[in-house]
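Here is a short report on one protein model. Keep the sequence and the 3D view open as you read.

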Amino acid sequence: MKKPGRNDECWCGSGKKYKKCHIDFDERIEEIEAEGHVVPDHSIIKTAEQIEKIKESAKINIAVLDYVAEHIRAGISTAEIDRWVYDITTKMGGIPAPLDYQGFPKSVCTSINDEVCHGIPSEDIILKDGDIVNVDCSTNLNGYYSDSSRMFCIGDVSDEKKALVEAAKQALSEGLKEVKPWNFLGDMGQAVNDFVKSKGYSVVREVGGHGIGLEFHEDPWVSYVSEKGTEMLMVPGMIFTIEPMINMGKPAIYTDEENGWTIYTKDGTPSAQWEIQVLVTEDGYEIISY
């Protein structure tokens with residue numbers, strides 16, 4: 001990290017002199033890095049002004065998912081969900097972040113049953129009684145990004161699927177207990193994985209969470225099969241997603257060869273995922289989007 005002089009203005013934008021602001025913070029990070037740990041640089045740590053703008057983006061993201069929660073039902077197409085997301089996001093001044101992102105053709109991801117993630121909405125895909133579906137919404141508001149997803153049970157869902165959906169949600173709570181400044185992302189990852197395994201499920205290994213805020217996807221990449229004391233140091237001002245993908249069966253996955261996006265469980269068993277966007281604070285965390 002490039003450090004200002006002691007009497008220079010602090011890099012965080014506070015207007016204070018560096019010696020009165022983040023010098024002790026940076027020195028603590030340097031000490032932990034010297035012990036061999038991965039640490040964030042200043043580009044990953046959001047300023048107070050940036051955090052407020054990211055929260056404005058998140059208001060749209062949450063509003064969209066609230067609308068989906070009120071209107072999703074059996075008999076509608078996933079293309080209709082895509083239209084809801086596009087219309088509400090744009091009316092509130094934002095842009096759906098997935099639209100045209102690396103060629104993704106729609107405004108939201110809708111992943112049903114054995115689809116792990118990145119399901120592409122279609123007029124031909126109709127939600128049916130007994131389905132479980134993840135709706136993954138991401139918003140760009142004036143260059144500031146938010147991201148979260150929710151699971152929905154359509155009609156009369158089996159007890160097995162309900163239990164999977166609930167376990168995926170509880171896994172977030174277990175991970176959040178470890179989101180504290182000066183802990184490591186691996187602390188959170190192990191908490192998630194230990195809980196999921198205790199329920200007899202598995203965590204997808206190849207797809208994880210990510211930093212977010214000034215870009216749709218930033219460092220760090222966030223694993224949920226990591227070990228305590230490993231991965232990047234968490235410090236105040238970091239923002240990332242917690243979004244473990246929980247499979248009823250084995251963790252192996254594959255990608256649809258035709259569309260190049262949709263990921264499925266290899267054994268055909270259902271998968272569930274909830275996603276939240278989290279800010280590391282001075283004394284814990286704040287959920288930015290859910």
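## A residue in the core

Leu127 touches Ile72, Arg73, Ala74, Gly75, Ile76, Thr78, Ile81, Ile112, Val133 and Ile154, not counting residues up to four places away in sequence. Contact here means heavy atoms within 4.5 Å. Leu127 sits in the loop between β3 and β4 (132–141). Helices (H or I, at least four residues) and strands (E, at least two) are DSSP runs, numbered from the N terminus. Is Leu127 buried or exposed? Its relative accessibility is 2%, so Leu127 counts as buried. Buried means under 20% relative accessible area, exposed over 50%, and partly exposed in between (1.4 Å probe, protein chains only). Arg205 is 78 residues from Leu127 in sequence and 28 Å from it in space, C-alpha to C-alpha.

This is a predicted model: local features need pLDDT of at least 70, side-chain atom pairs count only at pLDDT 80 or more, and totals for chains, interfaces and linings use all residues. Residues are numbered from 1 along each chain as its sequence is written, and side-chain values use heavy atoms, with hydrogens and water left out.

## Two helix pairs

Take α2 and α3. Their axes come within 10 Å and cross at roughly 145°. Axes are lines fitted to C-alpha atoms, for helices over the stretch in contact, and angles run from 0 to 180 degrees between N-to-C directions. The crossing of α2 past α3 is right-handed. A crossing is left-handed if the near helix is turned anticlockwise from the far one by less than a right angle, and right-handed if clockwise. On the α2 side, the contact is made by Ile60, Val64, Tyr67, Val68 and His71. On the α3 side, it is made by Ile81, Trp84, Val85, Ile88 and Thr89.

Now take α4 and α5. They pack at an angle of about 145°, with their axes 8 Å apart. α4 passes α5 in a right-handed crossing. The α4 residues in this contact are Ala167, Gln170, Ala171, Glu174 and Gly175. Those of α5 are Met188, Ala191, Val192, Phe195 and Val196.

## Aromatic rings

How many aromatic pairs are there? The count comes to seven. Rings of Phe, Tyr and Trp (its six-membered ring) pair if their centres lie within 6.5 Å; planes under 30 degrees apart count as stacked, over 60 as edge-to-face and the rest as tilted. Phe25 and Trp182 have ring centres 5.7 Å apart and planes at 65°, so this pair is edge-to-face. It links distant parts of the chain, 157 residues apart. Phe25 is in helix α1 (residues 23–34), and Trp182 is in the loop between α4 (159–176) and α5 (185–198). Phe25 is buried, with a relative accessible area of 12%. Ring pairs also join Trp11, Phe25 and Trp182 into a cluster.

Tyr67 and Trp84 form another edge-to-face pair, 5.6 Å centre to centre and 75° between the planes. Tyr67 lies in helix α2 (residues 48–71) and Trp84 in helix α3 (residues 78–91), so the pair ties together parts 17 residues apart in sequence. Tyr67 is partly exposed, at 30% relative accessibility. Trp84 is buried, at 11%.

## Two open sheets

Strands of a sheet pair through backbone hydrogen bonds, either parallel or antiparallel. Two strands pair if DSSP finds at least two bridges between them. Three bridges link β11 and β12 (residues 263–265). Thr255 has Ile263 of β12 as its bridge partner.

Another open sheet of three strands has the order β6-β10-β13, also with antiparallel pairing. Here the edge strands are β6 (202–203) and β13 (271–273). Two bridges join β6 to β10 (residues 245–247). Asn247 in β10 is the bridge partner of Ser202. Helix α4 lies across β10 and β13, running at about 35° to β13.

## Backbone details

A cis peptide bond joins Asp219 and Pro220, with omega about 0°. Pro220 lies in strand β8 (residues 218–222). Gln102 has a positive phi of about 50° although it is not a glycine. Gln102 is exposed, at 64% relative accessibility.
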